[in-house]
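Work through the exercises below with the sequence and the 3D view side by side. Try each task before reading its solution.

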Amino acid sequence: MKNIVILTGAGVSAESGLGTFRDKGGLWERFDWRTLATPEAFAANPEEVHAFYNARRENLAAAKPNAAHDALAGLERRWREEGRGDVLLVTQNIDDLHEQAGSAAPLHMHGELLKSRCEDCGDVFAHADALSVERMCAACGRAGGLRPDVVWFGEMPKGLERIYDALAACDLFVAVGTSGTVYPAAGFVQEAKMAGAWTVELTLEPGEVSPLFDERLYGPATEVVPRWCAAA
Ligand code: BV8
C-alpha cells in the first residue's frame with residue numbers, strides 16, 4: 001500500500017491558458033494581490049475585486065484540462081482500481097480543470113472560482129456568470145453581500161485538518177506546478193518528510209522549497225507529469 005498526497009498549483013493549469021501568479025507576466029505581476037485578494041481589499045473596492053474575478057471566470061469558461069490534469073486523474077483512477085492506497089489531490093487552484101479531467105474530489109484549499117457565498121446569510125452557490133454589488137442573494141434576497149468563495153490572503157485555507165491527516169499518513173508527496181511561495185501549502189513538503197514520505201517536485205523551474213524534495217523533474221507539466229505518472 002502506498003498513500004499519495006498530490007498538491008497542485010497554478011503551473012498545472014498554465015498550459016490550459018490560465019495565468020500563473022508569479023511567473024513573468026503572471027497575475028501578481030500585473031495586479032497587486034493586496035488590492036484584489038484580501039478581505040480588506042474587497043471591503044474597500046468590491047467592484048474592482050468583482051471585475052478581477054469576473055475576468056478570471058470568463059478565462060476559465062474557455063479553458064480545457066491539459067495532459068497533466070488527465071495524467072493525475074488517470075493515476076488516481078489506477079490507484080483506486082488496483083487498491084494500491086489512498087490518493088488525496090489538494091489544489092491551490094480555484095479553477096475546475098481537475099474535475100473536468102475526471103479527478104474524483106479535488107480538495108480546493110484556496111476555494112473555487114465557480115462558487116460564491118453570501119456574507120449576510122452564508123449561502124454558498126455555484127455559478128459561472130459575473131458577480132456585482134447589485135446582485136441579490138437568491139437565498140436571503142439581500143444585495144451587496146456576495147463574494148467569490150475563494151480564500152484570500154489572511155483568510156483560513158479550507159480542509160487543513162484533512163490535509164494534515166493525509167500528510168501524516170502519506171508515503172509519497174508530489175507537488176505539481178507550484179512555486180512554494182504561499183503558506184501553509186508551501187510547508188506541506190516538510191510535513192510529508194516528517195511522516196517519512198518520498199517527496200517529488202514536478203514543475204517548470206526550481207521554486208522556493210525545491211531543495212527539500214527527494215526527486216525533482218523540471219519541464220512543462222504536460223510533459224513531466226504524464227511521464228512521472230506512467231512510471232509511478
Ligand atoms: C493564512 C486564491 C492564516 C485566490 C490565493 C502577511 C500578511 C498576510 C498573510 C501572510 C503574510 N505573510 C505570510 C502570510 C501568509 C500568507 C502567505 O503565505 N503569503 C505569501 C505571499 C508570503 N498565506 C495566507 O494568507 C493564507 N492564509 O495564512 O491564514 C492561517 C494559516 C494556517 C493555519 C491557520 C491560519 C492564504 C493564502 C491563500 C491566498 N489565496 N489564491 C485567487 O486565486 O485569486 S494565493 C495564490 O498563490 C493561489 O492560490 C496560488 O495557488 C498560490 C500559490 O501560487 P502557485 O500556485 O504556486 O502559483 P505561482 O504563480 O506562484 O507559481 C507557478 C508555478 O508553476 C511556478 O513554480 C512555475 O515555475 C510553474 N509553472 C509555470 N508554468 C508551468 C509551470 N509548471 C509546469 N508547467 C508549466 N507550463
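**Exercise 1: a sheet and its helix**

K115 stands opposite A126 in β5. The model is predicted, so local features need pLDDT of at least 70, side-chain atom pairs count only at pLDDT 80 or more, and totals for chains, interfaces and linings use all residues. Residues are numbered from 1 along each chain as its sequence is written, and side-chain values use heavy atoms, without hydrogens and water.

Task: Which order do the 3 strands of the open sheet have?

Solution. 
1. Start with β4, residues 111-118; 3 bridges join this strand to β5, and the two run antiparallel. Strands (E, at least two residues) and helices (H or I, at least four) are DSSP runs, numbered from the N terminus. Two strands pair if DSSP finds at least two bridges between them.
2. Find the edges: β5 (124-126) and β6 (146-150) each pair on one side only.
3. Read off the order: β5-β4-β6, with antiparallel pairing.

**Exercise 2: the largest nonpolar core**

Solution. 
1. Define the set: buried Ala, Val, Leu, Ile, Met, Phe, Trp, Tyr and Cys residues joined through side-chain atoms within 4.5 Å. Buried means under 20% relative accessible area (1.4 Å probe, protein chains only).
2. The largest core has 20 residues; V90, M109, I163, F173 and F188 have the most contacts inside it.
3. Elements giving two or more residues include β1 (4-8), β2 (87-91) and α7 (160-168).
4. α7 gives the most, with 4 residues.

Technical notes
Buried means under 20% relative accessible area, exposed over 50%, partly exposed in between (1.4 Å probe, protein chains only).
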